[in-house]
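This report describes the overall form of one protein model and then turns to selected residues. The sequence and structure are shown below.

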Amino acid sequence: MRAMILNNPRVLEPGNVDKPATEDGNALVHIANSGICGTDLEIYSGGIPVNYPRIMGHEMIGEIAETAAPGVAVGTRVIVDPVMACGTCYQCRAGQSNLCPAGGLIGRDRDGGFADFVSVPAGNVYALPEEIENKEASLLQVLTTCVHAQQLSPVQPGESVVVIGLGVTGQLHVQLAKESGASPLIGVTRSAWKRELAEDLGADATFAPGADLKSRILDLTDGRGADLVIEAAGRVATLAHAIDVVRIGGRILNFGTYTETEGKLPFYQLYYKEILIVNARAAKGDDYSPSIELVKKGAVRLAPLISHEMPLDDLSTALETLESPTIDSMKIILRH
């Protein structure tokens with residue numbers, strides 16, 4: 001079968017490999033579309049180490065081609081949950097399968113979806129309704145991580161929410177907070193076109209970071225600050241901004257992935273404000289059904305987040321596009 005093979009950091013080549021065997025409890029999925037994630041960029045650049053050669057890709061949808069498991073019908077159009085768990089460890093038994101220390105991620109710890117076929121555990125596939133088109137469906141996996149995060153720190157109707165960082169996940173958080181009744185809902189990013197998109201998707205106001213950011217947020221929150229700040233940029237500096245603009249007794253939802261190992265934070269404010277900080281990682285199987293339903297009923301729009309569509313063979317170009325500081329890009333969807 002055709003596959004895009006990462007042989008070393010930044011050494012990505014098309015090739016032909018054997019089609020995966022259908023083992024007991026697994027399903028073989030014929031991939032139709034896949035999305036590129038920041039994790040793929042980190043693997044590609046060598047920031048996240050993997051065993052080479054590796055086929056990346058964990059945001060994928062397609063049809064069941066073969067199965068050795070009951071209850072999974074050949075021909076079913078599905079989204080794949082790429083998070084693998086052992087099912088028997090303490091975390092799994094406690095309902096925290098996303099934190100399984102013996103688990104892994106398809107596309108990082110085993111070959112993934114940048115190929116014609118992928119073998120996955122049969123329990124990791126979820127049927128897609130006809131209302132969701134293929135190119136949009138690849139974004140559902142990203143949405144599940146945002147749904148999981150907001151379930152850890154639920155937005156109550158009428159709460160003021162600030163989302164810092166308006167990339168793909170930030171835009172999804174905007175929509176989820178709006179659906180939960182956030183008011184006012186404020187987005188923060190340097191990018192003018194991302195601010196415009198966030199307002200189209202439900203933000204009441206958007207601002208660029210700057211010296212007057214706190215005063216603007218205070219003006220919109222009756223001088224208190226935000227009830228909840230969702231940090232979706234993954235930088236120590238933006239976490240410091242979150243601490244600055246959240247109200248006394250407020251909450252911060254850390255969603256961004258921090259790769260920095262040191263930085264300055266206003267630590268006294270953590271104590272003085274009695275801030276509750278919640279961290280979120282990945283998603284669980286239970287997050288797929290509500291995510292699919294949100295898109296099906298139109299509460300979350302995925303199509304506006306797709307900036308480019310490319311064929312699978314152009315994966316290298318797609319990765320370079322996402323890395324480019326001069327190209328406005330959001331989510332790139334690959335056609336297989």
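What radius of gyration does the protein have, and how does this value stand beside the one a compact globule with 336 residues would have? The model under discussion is predicted. Its radius of gyration is 20 Å, in agreement with the value near 20 Å that a compact globule of 336 residues would have.

## Overall form

Taken along the principal axes, the box filled by the C-alpha atoms is roughly 60 × 40 × 40 Å. The secondary structure of the protein consists of 11 helices and 17 strands. Of the 336 residues, 52% count as buried.

As for charge, the protein carries 28 positive and 41 negative side chains. The centres of these two sets are separated by 5 Å.

## Cysteines

How many disulfides does the structure hold? The number is zero. Cys37 counts as buried because its relative accessibility is 18%, which is under the 20% limit. For Cys86, the nearest cysteine sulfur belongs to Cys100 and is 3.6 Å away, and Cys86 is in no disulfide. A disulfide would require the two sulfur atoms to be within 2.5 Å. Cys86 is partly exposed, with a relative accessible area of 34%.

## Backbone geometry

Most residues other than glycine have a negative phi, and most peptide bonds are trans. The table gives the backbone angle of each.

| Site | Feature | Angle |
|---|---|---|
| Tyr52 to Pro53 | cis peptide bond | omega about -5° |
| Ser183 to Pro184 | cis peptide bond | omega near -5° |
| Asp222 | positive phi | phi near 55° |
| Ala282 | positive phi | phi about 55° |

Where do these residues lie? Pro53 belongs to the loop between helix 1 (38-45) and strand 4 (59-67). Pro184 is placed in the loop between helix 5 (168-179) and strand 11 (185-188).

Asp222 is found between helix 7 (213-220) and strand 13 (226-231), and its relative accessible area of 64% makes it exposed. Ala282 occupies the loop between strand 15 (276-279) and helix 10 (288-296). At 30% relative accessibility, Ala282 counts as partly exposed.

## Residues joining separate parts of the chain

Three further residues show how parts of the sequence are brought together in the model.

Leu319 is in helix 11, which covers residues 315-323. Is Leu319 buried or exposed? Its relative accessibility is 0%, so Leu319 counts as buried. Beyond its neighbours within four places in sequence, Leu319 is in contact with Leu12, Ile36, Leu41, Tyr44 and Met56. The C-alpha atom of Leu319 is also 9.6 Å from that of Gly38, although the two residues are 281 residues apart along the chain.

Ile306 belongs to strand 16, residues 306-311. Its relative accessibility of 16% places Ile306 in the buried class. Which residues does Ile306 touch, not counting those up to four places away in sequence? They are Lys135, Glu136, Leu139, Lys331 and Ile333. A separation of 6.1 Å is found between the C-alpha atoms of Ile306 and Met330, which are 24 residues apart along the chain.

Pro121 lies in strand 8, residues 117-121. Neighbours within four places in sequence aside, its contacts are with Gly25, Asn26, Ile106 and Arg110. The C-alpha atoms of Pro121 and Asp24 are 8.9 Å apart, while 97 residues separate the pair along the chain.

Methods. Residues numbered from 1 in each chain as written. Predicted model: local features only at pLDDT ≥ 70, side-chain atom pairs only at ≥ 80, totals over all residues. Heavy atoms only, no water. Buried < 20%, exposed > 50% of the residue type's maximum accessible area, 1.4 Å probe, protein only. Helix = DSSP H or I, 4+ residues; strand = E, 2+ residues; numbered from the N terminus. Rg over C-alpha atoms; globule rule 2.2 N^0.38 Å. Lys, Arg positive; Asp, Glu negative; His and termini not counted. Charge placed at Lys NZ, Arg CZ, Asp CG, Glu CD. Contact = heavy atoms within 4.5 Å.
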